[in-house]
Each structure stands twice: as structure tokens, then as C-alpha cells.
Amino acid sequence: MRASIIADHPVQKRRLANQWSQAELAERANISRAAVSAIEGQRLSPSVATALALAAVFECSVEELFGRGEKAKPHGPEWAWTPRIEPC
């Protein structure tokens, strides 16, 4: 009987959801299996190129994959206070 794996890292969660081994993900992203393992184990922060490659494989943004889990905010100004409506 195989013990269930608890996925703590977003890369690992997505990899397991796709039922890929670390080697399969590494091949798809054109990185080493050791790099996948180190990223999932939080022993390595991916380079920009690696982060972009992993995001492309998972068809998501880098922010979704490595961000703080927040959805992308719509573009537009964010005001510290409500601007005055009447002109200066």
C-alpha cells in the first residue's frame, strides 16, 4: 500500500493533479528533474526563465503559480483615498 503524498508546493500540487512524475514535468519544461525536486522542496527559487517555462506547461501565469495565491487584480488605478470629484 502506497502512502498518500501531501503536496505543499503549488508546482507539486499541479504536477500531481496532472499525474506527472517529476521527470515528466522536467521534460515538458525543459529543466532537470533535480530542479523540479529542489523547487518543490523549496530548496531552490526558480529563475525567471524556469518560472515562465513551468507556468507555460501548467497553462497559468507565474503569479498564479508562485504568487501568494491571490487572483490577478483588474488593471486600473488603486487610490489610497477617494479622489475629489470637483476639479482643483
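User: Which residues does Ile-31 touch, not counting residues up to four places away in sequence?

Analyst: The model is a predicted one. In it, Ile-31 touches Ala-26, Val-36, Thr-50 and Leu-54, when residues up to four places away in sequence are not counted. Ile-31 also belongs to the largest nonpolar core, which has 15 residues. Ile-31 is among the members that touch the most others, together with Val-11, Leu-25, Leu-54, Phe-58 and Leu-65. Two or more residues of this core come from each of helix 2 (22-29), helix 3 (33-40) and helix 4 (48-58), and helix 4 gives the largest share, 4 residues.

User: Which residues of helix 2 are buried, and why do they line one face?

Analyst: An α-helix has 3.6 residues a turn, so residues three or four places apart point the same way. In helix 2, the buried residues are Gln-22, Leu-25, Ala-26 and Ala-29. They line one face of helix 2 because, seen down its axis, they fall within an arc of 100°. Glu-27 and Arg-28, on the other side of helix 2, are exposed. The buried residues pack against helix 1 (10-17), helix 3 and helix 4.

User: At what angle do helix 2 and helix 4 pack?

Analyst: Two packed helices are described by the angle between their axes and the distance between the axes. For helix 2 and helix 4, the angle is about 105° and the axes are 9 Å apart. Helix 2 is therefore roughly perpendicular to helix 4. Leu-25, Arg-28 and Ala-29 of helix 2 meet Ala-53, Leu-54, Val-57 and Phe-58 of helix 4. The residues of this contact comprise 6 nonpolar, no polar and 1 charged.

Terms used:
Residues numbered from 1 in each chain as written. Predicted model: local features only at pLDDT ≥ 70, side-chain atom pairs only at ≥ 80, totals over all residues. Heavy atoms only, no water. Core = buried A, V, L, I, M, F, W, Y, C linked by side-chain atoms within 4.5 Å. Buried < 20%, exposed > 50% of the residue type's maximum accessible area, 1.4 Å probe, protein only. Contact = heavy atoms within 4.5 Å. Axes fitted to C-alpha atoms, helices over the stretch in contact; angles between N-to-C directions. Parallel < 35°, antiparallel > 145°, perpendicular 65-115°, else oblique. Nonpolar A, V, L, I, M, F, W, Y, C, P; charged D, E, K, R; others polar. Arc of directions from axis to C-beta.
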